[in-house]
There are 4 protein chains.
Amino acid sequence: MPTGLWLIGARGSVAVTSVLGMLALRAGLTAPAGCVTELPAFAGTGLPGWDDLVVGGHDTAALPLLKKAEALADAGVVPARLVAALGAELTTVDSEVRPAPQASDQAAAAAAIQADLADFARRHGLDRTIVVNVASTEPAAVPHPAHADLDALRAALRSAEPVLPPSALYAYAALSAGCPYVDFTPSTGTRLPALTQLAEYQGLPYAGHDGKTGETLLKSVLAPMFAMRNLTVRSWSGVNLLGGGDGANLADPATNAAKAASKQRVLSETLGYRPEGDCRIEYVEDLGDFKAAWDLVTFSGFLGTKMRMEFTWHGCDSALAAPLVLDLARITAAAHRSGLRGPLPELAFFFKDPLDPRGEVPHGLAAQWHALESLADRLREAEEAR
Amino acid sequence: MPTGLWLIGARGSVAVTSVLGMLALRAGLTAPAGCVTELPAFAGTGLPGWDDLVVGGHDTAALPLLKKAEALADAGVVPARLVAALGAELTTVDSEVRPAPQASDQAAAAAAIQADLADFARRHGLDRTIVVNVASTEPAAVPHPAHADLDALRAALRSAEPVLPPSALYAYAALSAGCPYVDFTPSTGTRLPALTQLAEYQGLPYAGHDGKTGETLLKSVLAPMFAMRNLTVRSWSGVNLLGGGDGANLADPATNAAKAASKQRVLSETLGYRPEGDCRIEYVEDLGDFKAAWDLVTFSGFLGTKMRMEFTWHGCDSALAAPLVLDLARITAAAHRSGLRGPLPELAFFFKDPLDPRGEVPHGLAAQWHALESLADRLREAEEAR
Amino acid sequence: MPTGLWLIGARGSVAVTSVLGMLALRAGLTAPAGCVTELPAFAGTGLPGWDDLVVGGHDTAALPLLKKAEALADAGVVPARLVAALGAELTTVDSEVRPAPQASDQAAAAAAIQADLADFARRHGLDRTIVVNVASTEPAAVPHPAHADLDALRAALRSAEPVLPPSALYAYAALSAGCPYVDFTPSTGTRLPALTQLAEYQGLPYAGHDGKTGETLLKSVLAPMFAMRNLTVRSWSGVNLLGGGDGANLADPATNAAKAASKQRVLSETLGYRPEGDCRIEYVEDLGDFKAAWDLVTFSGFLGTKMRMEFTWHGCDSALAAPLVLDLARITAAAHRSGLRGPLPELAFFFKDPLDPRGEVPHGLAAQWHALESLADRLREAEEAR
Amino acid sequence: MPTGLWLIGARGSVAVTSVLGMLALRAGLTAPAGCVTELPAFAGTGLPGWDDLVVGGHDTAALPLLKKAEALADAGVVPARLVAALGAELTTVDSEVRPAPQASDQAAAAAAIQADLADFARRHGLDRTIVVNVASTEPAAVPHPAHADLDALRAALRSAEPVLPPSALYAYAALSAGCPYVDFTPSTGTRLPALTQLAEYQGLPYAGHDGKTGETLLKSVLAPMFAMRNLTVRSWSGVNLLGGGDGANLADPATNAAKAASKQRVLSETLGYRPEGDCRIEYVEDLGDFKAAWDLVTFSGFLGTKMRMEFTWHGCDSALAAPLVLDLARITAAAHRSGLRGPLPELAFFFKDPLDPRGEVPHGLAAQWHALESLADRLREAEEAR
Ligand SMILES: NC(=O)c1ccc[n+]([C@@H]2O[C@H](COP(=O)([O-])OP(=O)(O)OC[C@H]3O[C@@H](n4cnc5c(N)ncnc54)[C@H](O)[C@@H]3O)[C@@H](O)[C@H]2O)c1
Ligand SMILES: NC(=O)c1ccc[n+]([C@@H]2O[C@H](COP(=O)([O-])OP(=O)(O)OC[C@H]3O[C@@H](n4cnc5c(N)ncnc54)[C@H](O)[C@@H]3O)[C@@H](O)[C@H]2O)c1
Ligand SMILES: NC(=O)c1ccc[n+]([C@@H]2O[C@H](COP(=O)([O-])OP(=O)(O)OC[C@H]3O[C@@H](n4cnc5c(N)ncnc54)[C@H](O)[C@@H]3O)[C@@H](O)[C@H]2O)c1
Ligand SMILES: NC(=O)c1ccc[n+]([C@@H]2O[C@H](COP(=O)([O-])OP(=O)(O)OC[C@H]3O[C@@H](n4cnc5c(N)ncnc54)[C@H](O)[C@@H]3O)[C@@H](O)[C@H]2O)c1
Ligand code: NA
Ligand code: NA
């Protein structure tokens, strides 16, 4: 079952940590900590194995994967011994990373991406390729009439002016090439009616948005706790301090806003109301990938008594994100293989701002886990029927 | 449906906060924040209403409930305006609180307790009385052969030497008097084979142990989060600083041990292994009921990267516990009414160290909520069939 | 030694807490916790006693002091029993609070303020009146050529367009009326060359800016600790969550910037370099006066090892500020009495952003305390020589 | 000015970090972060340079310094690149580490230690050797009559029963050999009248006890802050979680008690009263040298308003301690050279529980820094007079 994993942003921290980890797992050099698909719930679900995955991708940057991996080792994100042991394998993956295509118009750029994907699949004899966006977060997309309809979009792509932000252009190309698309970022990705039509038309599954790795993960278990206990959350305020490439990018106010919004949704969804307070992202270069997030929750209980809780999360963002990228690729591959199509709301467990076309996706983590288990069951049945 | 709520430790902080709150709810002076039984899940389950509850109890202390309520108001635990408004009602409840019986032997003491319960039920024409233990935590019970068998216990109770710790003696008397028994404390209560036999024989439901209000509540959502994400918890260490009557009592090393043990179980049960670290309780008089609990969790993720989270919980213990006492009384009353008997593991949601006779009770809060909802469904069916 | 204390913003939280506290101290109803001038270092320095102080002020708001004090008691900022006991005295002070004068031009407004001050002094037979600004923080002042010179300013005040922000207009009027002026806020106050000239000309002492009560206070002891240990502070990031009148006002970005800047100066001054990181203020209504400030400090030590510390400050802003307002009034009164004139950099201990005309004011708290003790010694000598 | 630095516990974490750091400083491979003696205050004070120091020591363990340094690098305490670069130099130091002497009685053991010191000095042509105890913390010493008097002690050392704990035996031997002695641990060391007599008799300076690196360091700046602001500290409770050799040793209740006591003294000394609360040490192996200390301080201010602050210190103990060991050795060497004798209370800046024979040592860090600066001034004068 040779399966392609095509990473948009393949030279970034999350991508390189994912690749290094996959290589280490394949070589038996590490345990699969952090990989949800290695839990018993996924036994027998027909996921591609570590040996089945072939990795390639696009990036605008040129730094070789090995250099990036060494930088990640210096920063304490990944163990230096793994980078030392897997240099050759990293370089092999590096040879499959293509520059982001430059073209006269976006139709041509999309065609170039499709050609890269087709060439990759052909050379490796792949059954399927899952495209996962782990590129830098974009600012919110500028609305355009052509976003509403696939035919209009196709026409507009041929004009000189770009109509799609990069994440959506990659999604367009991936879906056109018959590849399921997963958006690990808060960028636009498939979130345009024209692209939903395209996925539908192509019969492809897709998933997103924005990997859930830190503060939002905690919110997704703590907010339901307050709700189940009928405690009134009065305010929930948070600050995320982070450095690294992602941090630098999020320091930009427009991008920050996109990300911050996707982080507060879990509160209103699980509590049934929106408590006071905001969630901020600040760039602190010194922290690198080792972010610190602090949240203060004020709540009141019986007879109105006011109480507080606060937490600090000292997490390594790339180390938390990377196994989820592999999980998403494996599950989406199995979903595709078993014929699932359209949005995969059962993957809400992995996302801050899950795709939820029918407004029925739960936001509490336990309920999301439950939904994920159901998906695993469906995959297992399909596998057994095979 | 006049229902008795008989509180062992009726003059303590938890008890008086519960009583004041119930009176305030009945009078429409407060909202039912913190009351789980007021969530939609419990609609139509035949719970006694606030007007149905009649409160009495035992205590070794003599301080009138009104005085205690005033002290709680001074300490910021309950609003002074409620105490001012409900003084007469508190005094009425006060008249139903009996001293802990003194007798020549424990058989006689049990008989006196039973007589108090019978008199209470008769005078108020009660359908049933739920006995809830909110007395001071006892040290672990001294083992005795008569604990193993009901007949042996009955004989031994007539000897001069006490064989049961107070919580178990109250449980013995309550069950003998046909009253369901709920243990909100970590004390022995019904946890002796002889008492299990008695409950069985009497066909009564019972529940426990140790109300889950702070650090353990948080553990019951955070530990499953680590498990679902396949993150390895390396250590989990906590310290609880608290004053108040309960704090003073828990400062005693023997009692402390009983409580601390019941607080760590959730970790091994939800993670599948016991991480390093302990949980300590320290008495800090100045904090009163407004405890501060700090926990540090170290964990490792993908490729072994080490991370940390910490939280501080600034909670008011009595304000968190009191609504649960009312919830437990109401649900146990409905359970009794609908003919349920034996241990009620579905109430694990409320307890640090839930009764779990068949070892199948979940320890994650979401799963416990699920079990509680099932119980609510069963009660609703029984109610609809009535 | 009857001494006037004239509060700009006399109906605000800080002002009313100060007044209530002064009345309680006078009546022997409270201990002088938080009052620096009650420490042994100030014995014999000729400060006005609690009985000597007579309070009046200006405010744009109309809410009576008693009402405000009741609201502060409801919010837990001040004890209800003190408000109950001192209602009459509060009402007496209330009768000395004047509306902020409305006039055709700022010269006329200044004259009206001076008239209020003169009338107050005359009616109470005051030796001197200290004017303390505790009004809402203003946005940074719009520069104007007339700020540079007293004569130009006097001329400009008579034009239709206002040239001074309110804090500076009050300072102008106070100094013109022969009253020492203390700025407890980050607003402009005396910080214009024209007003420095005026103070000089009038031979009056003045002090400011911005009372140091929370995060900056902590920075002023922690940053020197890192410096004395030769540890390199890499980043220092903070967030202040607060409600109340001050919080609402600071939510305005322009005001926020003024305040935040004055909060970071201590770092560069005590460390000798400016570490990465910012300090943010966020409005969270629910917190009221009970702010929560969280700071994360990353630092490196021997051989570059990276470490972290974080703190959370759960402080009541008005309770921390009020005794300092009284301290400043008392010390400034004694300074005036002993003939001191010009800026009082020895009061840096009290301020986030101390006046520092010759660039020699220390920013570490211990050194500031040392400077304050020297001032106390000078006052004591003057007193003994009297 | 060849100067010996003789480390008791030379194979431990603090010792090896100190040695590696000294070698790295000598080789110009690192900056002197964390070294107090590299601050401008110590310019021209005649301290031995990094090239002047020759290191040896005693240890009961056999693990080579290079292996220990590699383990410290794996644990992230020291940079691997320094260990790689300085292997040969570490091995050279290793050849100067002697096993703790075994002998028939303690007099013989002391003689063996003296012989080791003499041999070391002779072979390296040392001007003087400073003995610094960085061995594992001992339980409190068992009192013995011979501790009171030097002659009695000398006699008792020849009996079969040991009369001195190891730290005091090393101190006895060091002083007898004419070496100044510094105790970086909370162990007994010189704290016996007989040893004070010996130091006096030998005309030697000595210093201690217990390096101040984490929670106590913070207390020494925060407690004075509360005192200077006349805020009442109601409780101060702390927990220290740490692994590593020191942590394992401190897990022993007797040792823990010795350490915990020395950590609380700063509060009563700087506040003038002893607030409620304790300070605990817990062993958490996973944390290794990267301890986490959490403190909660409750305090009240104006009108009794209750407030809280809490901090978490994520520090690397050995990285904080090691530069201080070098500082102490250098300053004590210069003190000896300039003829100082007896206890050195001016080194209180470095210690949790400073020697304070005349009860005049300040406990606030700023005042201690002031005292240290005075000592530096004295050393500079001596140096200039040379
Ligand atoms: N790490 C986490 O915990 C986490 C969680 C949720 C979402 N994310 C998202 O994952 C993404 C990656 O994060 P990261 O830390 O790896 O960031 P990064 O800055 O290290 O990597 C991003 C990579 O994307 C590349 N890139 C930028 N624009 C591109 C384009 N148009 N085409 C192709 N490549 C492009 C960059 O050159 C870079 O190599 C971000 O969007 C982030 O918000 C991360
Ligand atoms: N507050 C919480 O969050 C919480 C959570 C779980 C469990 N609990 C448990 O609830 C119990 C009550 O806590 P509290 O804070 O109200 O304590 P408390 O000290 O205020 O009250 C205990 C009461 O029990 C009474 N008592 C003691 N021995 C008795 C006896 N033999 N018979 C009758 N009465 C007796 C005491 O006189 C006192 O009035 C404790 O066991 C505590 O551990 C409390
Ligand atoms: N509380 C603290 O810890 C602290 C510390 C440092 C500085 N400060 C400063 O003290 C000031 C007061 O804080 P607060 O919490 O009492 O705020 P507040 O909003 O409760 O009170 C401010 C008062 O000023 C009045 N006011 C506004 N404009 C005025 C004008 N032009 N003339 C006269 N009165 C005017 C308002 O009506 C209000 O009554 C703020 O500037 C704040 O930044 C407070
Ligand atoms: N690291 C800090 O921040 C800090 C601060 C203050 C005090 N201290 C103290 O410094 C000491 C060393 O700490 P560490 O972390 O290096 O501990 P460690 O356990 O790593 O090292 C202690 C060393 O002492 C040796 N030792 C034990 N008994 C001995 C004896 N009788 N003779 C000779 N050697 C002996 C051990 O073999 C070991 O090599 C401890 O007493 C600790 O309490 C450390
Ligand atoms: Na905290
Ligand atoms: Na914290």
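A residue counts as near a molecule if one of its heavy atoms lies within 4 Å of it. The views below come from a predicted model.

**View 1. Residues around ligand 3 in chain C.** The shell around ligand 3 holds 28 residues, and Val14(C), Asp59(C), Ala135(C), Thr137(C) and Thr213(C) come nearest. By class, this shell has nine nonpolar, twelve polar and seven charged residues. Five elements of chain C each supply at least two residues of the shell: helix H1 (13–26), strand S2 (53–59), helix H7 (166–176), helix H10 (244–250) and helix H12 (317–337). H12(C) gives the most, with three residues.

**View 2. Polar contacts of ligand 3.** A backbone N or O atom of Ala135(C) lies 2.7 Å from an oxygen atom of the ligand. The side chain of Thr137(C) has an N or O atom 2.8 Å from an oxygen atom of ligand 3. Thr60(C) places a polar side-chain atom 3.3 Å from an oxygen atom of ligand 3. Taken alone, ligand 3 exposes 840 Å², and the protein buries 90% of that.

**View 3. Residues around ligand 1 in chain A.** Ligand 1 is surrounded by 27 residues, of which Val14(A), Asp59(A), Ala135(A), Thr137(A) and Thr213(A) are the closest. The shell divides into nine nonpolar, eleven polar and seven charged residues. Among the elements of chain A that each supply at least two residues of this shell are helix H1 (13–26), strand S2 (53–59) and helix H12 (317–337). Helix H7 (166–176) and helix H10 (244–250) of chain A also each supply at least two.

**View 4. Polar contacts of ligand 1.** A polar backbone atom of Gly12(A) is 3.2 Å from an oxygen atom of the ligand. For Ser13(A), a backbone N or O atom lies 2.9 Å from an oxygen atom of ligand 1. Thr137(A) takes part through its side chain, where an N or O atom is 2.8 Å from an oxygen atom of ligand 1. On its own, ligand 1 has 840 Å² of accessible area, and the protein covers 89% of this.

**View 5. Helices H6 and H8 of chain A.** Two packed helices are described by the angle between their axes and the distance between the axes. The axes of helix H6 (residues 150–157) and helix H8 (residues 193–202) of chain A come within 8 Å and cross at roughly 110°. H6(A) is therefore roughly perpendicular to H8(A), as angles of 65 to 115 degrees count as roughly perpendicular. Leu150(A), Leu153(A) and Arg154(A) in H6(A) meet Ala194(A), Leu195(A), Gln197(A) and Leu198(A) in H8(A). By class, five residues of this contact are nonpolar, one is polar and one is charged.

How values were computed
Residues are numbered from 1 along each chain as its sequence is written. Chains are lettered from A and ligands numbered from 1 in the order in which they are written. This is a predicted model: local features need pLDDT of at least 70, side-chain atom pairs count only at pLDDT 80 or more; totals for chains, interfaces and linings use all residues. Side-chain values use heavy atoms; hydrogens and water are left out. Axes are lines fitted to C-alpha atoms, for helices over the stretch in contact, and angles run from 0 to 180 degrees between N-to-C directions. Helices (H or I, at least four residues) and strands (E, at least two) are DSSP runs, numbered from the N terminus. Angles under 35 degrees count as roughly parallel, over 145 as roughly antiparallel, 65 to 115 as roughly perpendicular and the rest as oblique. Contact means heavy atoms within 4.5 Å. Ala, Val, Leu, Ile, Met, Phe, Trp, Tyr, Cys and Pro count as nonpolar, Asp, Glu, Lys and Arg as charged, and the others, Gly among them, as polar. A polar contact is a pair of N or O atoms within 3.5 Å; within protein, one must be able to donate a hydrogen and the other to accept it, and residues adjacent in sequence count only if both atoms are side-chain atoms. Accessible areas come from the Shrake-Rupley method with a 1.4 Å probe; for residues, only the protein chains shown count as cover.
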